[in-house]
Amino acid sequence: MTLHEFLYMGGYAAFVWPAYGLALVVLVVNLVVPHRRERQTLRQIARQHRRVRRSG
Amino acid sequence: MFHWIHKYGSPKYFYNFSRRLTPWLGGITAVLLAVGLVWGLVIAPPDYQQGDSYRIIFIHVPSAWMSMFVYMIMATSGFIVLVWRMKVAEAMMRASAPLGASFTFLALVTGSLWGKPMWGTYWVWDARLTSELILLFLYLGFIALQSAIEDRRTAARAGAVLALVGVVNIPIIHYSVEWWSTLHQGPTVTKLSAPSITLNMLLPLLDMALAFTIYYFTIVLKRVRCELLDSESGSNWVRELADDKGY
């Protein structure tokens, strides 16, 4: 099988590749969003904690 | 056993335990996805009727299975929330909703992309497609409900009731292809007799289904950790954790 044949998908490239592309996007977004949120939350809590310690 | 639940069900232990588990789950997901993609897109033969268009199955069917599996996890967590008020179950329920919505969305769109060349249309209002669309609205309704109610624990209980009521939709989705006449084909894999699909297509399909399942657990644990950090932000272990991380 050549690369061209592979990308051509027997004429169904316009349906197969968007399906796989969309799946990739959805999986990656679901990975990145909570990853950033966890770091953000920890940073925020540390900042608050520092402020409390300083004032107390 | 109750001692065990008490220990590992506490937010602190659950957080640390899930944190150690994540790299393993992520690694297994990556390997399964790589194997499934190569097998499904390159090694598996084209279908004798559908040509290469059938390869959408390796995304579509795992997504559709996950859309229902995640819902059942959400509803089970909802039951635990209502009966035992467990914080980890509240987090599990809330963490599952966006993932379930994502899988449902993927199942609908990939099905539509498969329907166009095979049925000649992107969408029909038949039982299978409509009940799956209702599932998407149930997930979105749950998410909206969580952000509409200020108090986290009240929101969790309200969401639990919604999740449990929505369970009625799951058998409707599953049996829709048998109860009503529909364009959607009947089950090929979960039939009681031997599955009507060749091993060279079935194995990559099962591989992808397993990959999606472990992907879900990888991400849902990460989301549960975010939920626990939010709800436990006042407790000592969270502060110490934040300080240790050097933020």
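What follows is a conversation about a predicted model with chains A and B.

Colleague: What makes Gly11(A) exposed?

Modeller: Gly11(A) has 12 other C-beta atoms within 10 Å. A residue is exposed if 12 or fewer lie within that distance, so Gly11(A) counts as exposed.

Colleague: Where in chain A does Gly11(A) lie?

Modeller: Gly11(A) is in the loop between α1 (3-8) and α2 (13-55). Chain A has two helices and zero strands. From Gly11(A) to Leu24(A) there are 13 residues in sequence and 22 Å in space, C-alpha to C-alpha.

Colleague: What is the secondary structure of chain B?

Modeller: Chain B has nine helices and zero strands. Its C-alpha atoms fill a box of roughly 60 × 35 × 35 Å along the principal axes. Of its 247 residues, 40% are buried.

Colleague: Which share of the contacts in chain B with a separation of 6 or more is between residues 24 or more positions apart?

Modeller: Such pairs account for 77% of those contacts.

Colleague: Which residues touch the most other members of the largest nonpolar core?

Modeller: They are Ile56(B), Val70(B), Met74(B), Met93(B) and Tyr216(B), in a core of 70 residues. At least two residues of this core come from each of α2 of chain A and, in chain B, α2 (11-43), α3 (57-84), α4 (87-119), α5 (127-148), α6 (152-166), α8 (199-231) and α9 (236-244). The largest share, 16 residues, is from α8(B).

Colleague: How many residues of the two chains are in contact with each other?

Modeller: Chain A has 25 residues in contact with 32 residues of chain B. On the side of chain A that touches chain B, 16 residues are nonpolar, six are polar and three are charged. In soluble globular proteins, nonpolar side chains tend to be buried together.

Notes:
Residues numbered from 1 in each chain as written. Chains lettered and ligands numbered in written order. Predicted model: local features only at pLDDT ≥ 70, side-chain atom pairs only at ≥ 80, totals over all residues. Helix = DSSP H or I, 4+ residues; strand = E, 2+ residues; numbered from the N terminus. Buried ≥ 20, exposed ≤ 12 C-beta atoms within 10 Å, placed from the backbone. Core = buried A, V, L, I, M, F, W, Y, C linked by C-beta atoms within 7 Å. Contact = placed C-beta atoms within 7 Å. Nonpolar A, V, L, I, M, F, W, Y, C, P; charged D, E, K, R; others polar.
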